[in-house]
Each structure stands twice: as C-alpha cells, then as structure tokens.
Amino acid sequence: MTDPNEIVARRLLKQAEWCERLGSRLYSSLLRQAAADSRTGGVCWTVLRGHHDDPPDSALALRFLGAVHRLALQGQAPQLAAFYPSLGGDPNGGDADADRGDPRNNDPWPAFLAVVQQHTTALRELVRHPVQTNEVGRCAALLGGFLEVARQTRLPLRLFEAGAAGGLILRWDHYRYQAGDEGWGDVHSPVRIAGAFAGAHPRFDQTVEIVERRGCDAAPIDPCSEEGRLTLQSYVWPDQVDRLRQLSAAIAVARRVPARVDQANAADWIEATLAERSSSNGAATVVYHSITWQYLPPADRDRIAGAMAAAGRAATRERPLAWLRFEPAHDVAEVRLQLWPGGEDRLLARSGFHGKPVEWLGG
C-alpha cells in the first residue's frame with residue numbers, strides 16, 4: 001500500500017510538470033520542493049495531511065498554492081509577495097536590496113515555507129476549498145462554438161453554463177477577439193484576447209444576440225464583490241500577470257453586464273434547465289462548460305449526458321439545443337459541439353488549458 005505522504009507528493013509533482021509546461025517556473029519549483037517536504041513529513045504535509053484520499057482530479061496542488069496566494073494578496077505574506085509578480089515582486093529575487101550573490105535571496109522557497117509554517121491552521125481550512133477559476137482566455141477556444149451555433153440556427157442564444165464560478169465566461173460576447181487584422185466583438189472592450197489562434201480561426205462574419213445568460217456552481221462567486229475578486233485572483237498563477245490583467249478587465253465588464261449564477265449541483269441544475277425549454281421557441285439553448293467535467297462525480301456525468309441526449313431528441317429547428325464542451329483530452333483541451341436536431345458530435349478545436357494556443361479545426 002502506498003504511503004499517504006507519497007501519494008500527496010506525487011500529486012504535487014504531477015502538477016509541477018504541468019505548471020512547467022504551461023509557463024509557470026515559479027509554481028513548478030515551489031511544488032517540487034513542497035513534494036520533498038511532504039515526503040519527509042514537513043510543514044507542507046501538516047497542511048495536506050488527510051487529503052491523500054481526495055479524488056485525483058480535485059486539484060489538490062492548485063488548492064494549496066491558491067490558498068497561499070490568497071494570504072499573499074491579503075498582505076499576510078510580505079516576504080513571499082516580494083517573489084510574486086502578481087504583487088509587484090520578482091520570482092528570480094525577492095529583495096532588490098539583498099545580495100543577489102546569495103542563493104537564499106533568489107529562492108522563493110524559504111519565504112513560501114515560512115508562510116506555511118506561520119499560517120498552518122488557516123491553510124488547512126483554505127485548502128479544503130475547491131479551485132475556482134474563471135479563465136477568460138478560454139473564451140477564444142469557445143468562441144467558434146458559439147458562432148457556429150448562431151450561424152447554423154440563425155437564432156438568438158440562451159447561455160447556460162455549468163461550473164460558472166463568477167460567470168465571467170457568460171459575458172464572452174462583450175470581449176474583443178483579434179486574429180491578425182481581423183477581429184470579432186466589442187472594439188471598446190477592456191478585455192482583449194489577441195494572438196490566441198495558431199493559424200486558422202473561426203469565421204468572424206457572424207453576429208450573435210444573447211437573450212439569456214445563466215449559470216450554476218457548487219459555490220458561486222460574485223466577481224463584483226471584494227471577496228469574489230480575491231478568490232478569483234488567488235487561483236491565477238502569480239507569475240502569469242497577463243492572466244491577472246485579463247481577469248481584472250473581465251470583472252469590470254461583469255459590473256455592467258448582468259448574469260445570474262445559481263448555487264446548485266450541476267446535474268440537478270441542467271436537468272431542471274432542460275425541463276424549462278418548452279417555452280424557448282425562437283432561441284437556441286446552449287449548455288456549455290469548461291474544465292468542469294473532471295470535478296463531477298461519474299454518476300452526475302452520466303445524468304448530464306443522459307439529460308442532454310433526451311432533450312436533444314426533443315429538439316426542433318425552432319427550439320434547437322447545443323452542448324459545447326471545453327475539457328481535457330490527454331495533454332490538450334478539446335472543444336466539442338453537439339447540435340440538435342441531428343446531434344453529431346464534432347471536434348471544433350484543440351487548445352491549451354488556459355485558452356492559448358487555439359488550433360481551430362471547425363472549418
């Protein structure tokens with residue numbers, strides 16, 4: 001039987017590999033050292049003890065790092081903040097006045113470890129919270145799916161997002177997407193997503209009307225509140241400042257574009273939402289989610305798939321139904337679309353998990 005310390009350490013190391021691939025050397029380095037600390041029963045293990053039985057896809061490593069980042073954002077970890085670009089720090093040397101020849105002054109690990117030691121009790125509570133990201137960059141990958149539904153149905157869209165967190169992706173049509181000299185969306189939007197498409201991109205000659213935007217989440221976030229902003233920021237990796245800037249811009253859009261996010265189990269909510277479609281003539285219902293499927297219990301996944309298939313069989317041209325998914329497939333995310341009547345499952349794009357680069361395949 002594998003030792004609990006080893007199980008936790010391996011999960012930290014697996015996420016360290018992904019952080020390295022996705023451009024965060026800071027988090028990759030911290031996780032490797034946290035894994036070594038956990039193996040020897042150190043203070044990181046004190047925080048993570050008992051979580052070896054958590055579901056493998058529950059992102060334990062990112063919950064831990066997000067909890068520490070939250071403390072730094074709240075001003076409770078000034079020494080670590082000096083290494084976090086999200087707070088104006090330098091990941092290659094936290095103290096500009098310190099001796100850069102001393103490796104201890106260039107390594108964020110001692111400062112990270114000190115925060116964990118000082119705030120062990122608070123971190124044990126915070127690490128229980130699920131990862132709550134609203135990665136606005138993923139809108140570039142989803143854009144082609146929304147445009148495809150609008151193009152094929154020629155109807156306004158009703159948006160229903162499972163795992164919506166703060167509902168920032170529900171405002172996707174208020175952002176600006178740029179591919180070379182071509183673009184789609186609000187030219188005055190503070191959210192500008194440029195350089196996302198690796199080559200081809202969806203046709204931008206399609207207008208979209210949104211008549212309803214709703215979502216659900218097990219623990220919904222109000223992005224316009226200070227608490228909501230802090231939660232969303234804490235799960236963005238601190239050395240990826242472009243993502244943080246984009247998050248702040250999307251929160252500014254959320255303040256003027258309303259979207260309702262219900263607290264609900266995803267399977268319950270989707271079943272109830274689909275049962276309400278009898279009054280949706282003249283609009284296309286789009287149920288969608290991004291990096292959500294892995295967090296759902298298998299029984300809930302089966303319920304959602306069954307509810308979508310049943311509702312799809314009842315769909316008509318006046319009342320079409322779409323299922324748009326942005327979910328992991330090995331080392332990339334896939335964007336897949338089913339549109340009823342018909343129900344063919346199409347692979348539209350492949351993408352990085354944060355939305356870049358997007359390989360558009362949808363024609």
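Start with the eight-stranded sheet: select S6, S5, S1, S7, S8, S9, S10 and S11, which lie in that order in an open sheet with mixed pairing. Strands here are DSSP runs of E with at least two residues, helices are runs of H or I with at least four, and both are numbered from the N terminus. Two strands pair if DSSP finds at least two bridges between them.

A word on the model. It is predicted, with pLDDT of at least 70 needed for local features and 80 or more for side-chain atom pairs, while totals for chains, interfaces and linings use all residues. Numbering runs from 1 along each chain as its sequence is written, and side-chain values use heavy atoms, without hydrogens or water.

Next, select S7 (residues 284-290) and S8 (residues 321-329). They pair in the parallel sense over six bridges. Click Val287: its bridge partner in S8 is Trp323.

H11 (residues 266-275) lies across S1 (157-162), S5 (210-217), S6, S7 and S8, and runs at about 160 degrees to S1. Contact means heavy atoms within 4.5 Å. Axes are lines fitted to C-alpha atoms, for helices over the stretch in contact, and angles run from 0 to 180 degrees between N-to-C directions.

S2 (residues 176-179) and S3 run antiparallel, joined by four bridges. Gln178 has Gly183 in S3 as its bridge partner.

Select H4 (residues 60-73) and H6 (residues 109-118). Their axes are 11 Å apart, and the packing angle is about 85 degrees. H4 and H6 are therefore roughly perpendicular, a label for angles of 65 to 115 degrees. Show side chains: Phe64, Leu65, Val68 and Leu71 in H4 meet Phe112, Val115 and Val116 in H6. By class, this contact has seven nonpolar, no polar and no charged residues. Ala, Val, Leu, Ile, Met, Phe, Trp, Tyr, Cys and Pro count as nonpolar, Asp, Glu, Lys and Arg as charged, and the others, Gly among them, as polar.

Now the spaces. On a 1 Å grid over the protein atoms alone, a cavity is a set of points where a 1.4 Å probe fits but cannot get out; a pocket is an open set with protein on both sides within 12 Å along at least five of seven lines; lining residues have an atom within 4 Å of a point. Grid points are joined across faces, edges and corners, and volume is the space filled by probe spheres set on them.

Center on Gly137, Arg243, Gln246, His354 and Lys356, which lie nearest the centre of the second largest pocket, lined by 26 residues. This pocket holds about 520 Å³. H10 gives the largest share of its lining, five residues. The lining divides into ten nonpolar, six polar and ten charged residues.

Last stop: the structure holds one cavity of 30 Å³ or more. The largest cavity has about 60 Å³ of space. Its lining includes Thr133, Glu135, Leu232 and Arg243.

Technical notes
Angles under 35 degrees count as roughly parallel, over 145 as roughly antiparallel, 65 to 115 as roughly perpendicular and the rest as oblique.
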